[in-house]
Amino acid sequence: MTEEHRSGCPINLSLEVLGDKWSLLIIRDMMFGNRRHFRALLTESEEGIASNILADRLQRLTALGMLTSAPDPRHKQRIRLSLTEPAIQLVPVLAHLGAWGRRHLPVTPELAIRAELLERGGPALWEDFMDELRELHLGVPRPAGTESVLSRLTAAYHAEVARREAA
């Protein structure tokens, strides 16, 4: 069965994959929150997605080749989700969206800190982060001793949360 598209415009086709309210947020949570299981995506997101919507989007993103799922090697009754290469290559897009949002929208500091670090780090940091995501999700090893971008982003988030709680 061939899927019909409104047009062959690359922006249109991209929006057909990612243009709903939840798909990019699911990918964001998998990238930046390292949420790899249904329950984590359901309960740990700021936006509060409904379980039926999450199940639908995960199925759709998998069918479109953005995610894969497999039994979790640590717990065979759980399914572990992984980003695919096309999803990992969205890092620059998310970095630009975050930078734009920081400049033009009423963001909260703790949720904007990762976007700020990605913007300041630029393409070199994005490449390092994509390499780390390839290791985590695709099993492609990085050179030994490579610093974890995800750890830096997470530490900055926690430091900002602590700073705001102390104020």
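Asn 34 sits in the loop that joins H2 to H3, where helices (H or I, at least four residues) and strands (E, at least two) are DSSP runs numbered from the N terminus. The model is predicted, so local features need pLDDT of at least 70 and side-chain atom pairs count only at pLDDT 80 or more, while totals for chains, interfaces and linings use all residues. Residues are numbered from 1 along each chain as its sequence is written, and side-chain values use heavy atoms, with hydrogens and water left out.

- With a relative accessibility of 35%, Asn 34 counts as partly exposed, the class between buried (under 20% relative accessible area) and exposed (over 50%), as computed with a 1.4 Å probe on protein chains only.
- Gly 65, which follows H4, likewise has a positive phi, near 80°.

**Helix H4**
- H4 covers residues 51-63, and its 13 residues reach 18 Å from the first C-alpha to the last, close to the 18 Å expected at 1.5 Å a residue; the expected span is 1.5 Å times one less than the number of residues.
- Leu 54, Arg 57, Leu 58 and Leu 61 are the buried residues of H4.
- These residues cover an arc of only 100° around the axis, which puts them on the same side of H4; the arc is that of the directions from the helix axis to the C-beta atoms.
- Asn 52, Gln 59 and Ala 63 are exposed on the other side of H4.
- The partners against which the buried residues of H4 pack are helices H1 (10-18), H2 and H3 (38-43), together with strands E1 (67-72) and E2 (75-83), contact being defined as heavy atoms within 4.5 Å.

**Helix H6**
- Val 91, Leu 94, Ala 95, Gly 98, Ala 99 and Gly 101 are buried in H6.
- Viewed down the axis of H6, the buried residues fall within an arc of 165°, so they line one face of the helix.
- His 96 and Arg 103 are exposed on the face of H6 turned away from the buried side.
- Helices H2 (23-32), H5 (85-88) and H7 (109-138) are what the buried residues of H6 pack against.

**Glu 110 in H7**
- Glu 110, which lies in helix H7, is buried, with a relative accessible area of 18%.
- The side chain of Glu 110 makes a polar contact with that of Arg 164 at 2.8 Å; such a contact is a pair of N or O atoms within 3.5 Å, and within protein one must be able to donate a hydrogen and the other to accept it, while residues adjacent in sequence count only if both atoms are side-chain atoms.
- Beyond its neighbours within four places in sequence, Glu 110 is in contact with Tyr 157, Glu 160, Val 161 and Arg 164.
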